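Please read the following report alongside the sequence and the model.

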Amino acid sequence: MRSIGLWFLVTAILSLYSCGGGGGRPSPSPSPPPPNNVDELIQEGKSSLISGDGSSAWNSFQQAINLAPTNPDANVGLAFIDLMRIGNDIVTFLSEANELIFRNVSYLPVSAVVDTALSNETLFNFGRFVAQSDNNDLKIEEKTYQEIREKIIFIVNSLNSILNRLDKALTSTSSLPGWRFSIPKDWNDPSAGTISISRGDLLLFSASLEFILGFLNFSIAYVPGEIGIRKNEFGDVEITGLGEPTEVEDINEDGYIDLNEIISASGFPNGFGMLADDGATRLEDMVRAWRNAFNDVKEGFDSYIQGNELVGHWAFDMTGEDFNDFVNDWDSYIKAYLEDLIQAFENGATLSVRPEVLSDFPELEDDPGTDFSLSVNFAEFFTNLPSDLRNFPIRFIMDVDGSLRLPVNVEDAFPDTEVLGLFPGGLSQENFEKLFGN
């Protein structure tokens, strides 16, 4: 399976904004009488969308929604245009994050990935879209955390609106086998043809947005205190609000190094790691988004398999033999793993390496880390996170060279072996060693 198809679907839609489809008005011309039935409005909206006229497409789809609120084509069309309209804000935000953080932090391996994603034209012209953005060059030389947070909240609210429309479309297409919706292969070149997306595609597209939504909610659940980012006169990035780091010390002389001692030595300002006023709600929203994402992935591939859609699919394109092998693996263990993850984000589940996996990958049989069965509850864990991250119940020990590592005994590393409810019943010494290699 190739995840690049999902990235293409997101970035191809975003790129329409840069092509004039994000709200530009068509040239004045004599207009025919407006259509007054849903089918005509839908067809008019699709034609406008494919030609890059987002404003006209929006009007047509919105009129259709007024007549038929649950119409799948109208809801999908409006969802795509909504994403188009916030696309420039999303890409500008990512571009500035790359400029301010990753590009200037050489020890982060992600920097090379981000640079490639923002410059390589082969990634479905996404790099070219970013290069054309009016805001690609950083114009704001200094940003406070609050400014960054407000931008993230705007994107979160917009994604929630888009996902609400997609949910309406998914509900109505559940009883429409063979449903399809066409988008252009290349928004810059209408002659390139279209891609026909199915309900399975829509489910995976929705899942990709939900994963992003969950991450964004988590990113603003805690606050870093009075921290900001700016570029100095040499063009280098500086993080404002930090004090001078000091050597990590065992302040309370208990023989361990806890997070409070690590954070105190790092120079972070007062308030760093405190739960935001809406932090608990943000964490709940994150858990819900990720649970929905895993569920949509499961339903999406179920839809593909039921419709025999992966043979020749535009993104996954399996041969008949590969498709049959995937179906067997899906029925044997892949679907069950997704169901376990969904339950883990709901009320807890037991995760283990299934025998079917070991039969497919016999090289794993000799790896002791694969022989485990572990009860986990992500929902409980994120609900119980402390209001101050300094109080997270984990401890390290310091080696003679000053490096930190986990102790060899689980009770020393995690005084609460349930780790805030993440491991119901407690993390055993055996599983601790398998998870952390101690």
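Is Lys 335 buried, exposed or partly exposed? With a relative accessible area of 24%, Lys 335 is partly exposed, where buried means under 20% relative accessible area, exposed over 50% and partly exposed in between (1.4 Å probe, protein chains only).

## Basis of the model

This is a predicted model, in which local features need pLDDT of at least 70 and side-chain atom pairs count only at pLDDT 80 or more, whereas totals for chains, interfaces and linings use all residues. Residues are numbered from 1 along each chain as its sequence is written, and side-chain values use heavy atoms, with hydrogens and water left out.

## Salt bridges

The structure holds 8 salt bridges, each being a side-chain nitrogen of Lys or Arg within 4 Å of a carboxyl oxygen of Asp or Glu. In one of them, Lys 335 meets Asp 302 at 3.2 Å, N to O; Asp 302 is buried, at 16% relative accessible area.

Arg 149, Asp 278 and Arg 282 are linked in a network of salt bridges, within which the closest N and O atoms of Asp 278 and Arg 282 are 3.0 Å apart. Asp 278 counts as partly exposed at 25% relative accessibility, while Arg 282, at 11%, counts as buried.

## Confidence

The mean pLDDT (the predictor's confidence in each residue, from 0 to 100) is 77 for the protein, and 72% of its residues reach 70 or more. Over residues 1-31 the pLDDT stays under 50, and over residues 100-140 the value is likewise below 50.

Conventions: Contact means heavy atoms within 4.5 Å.
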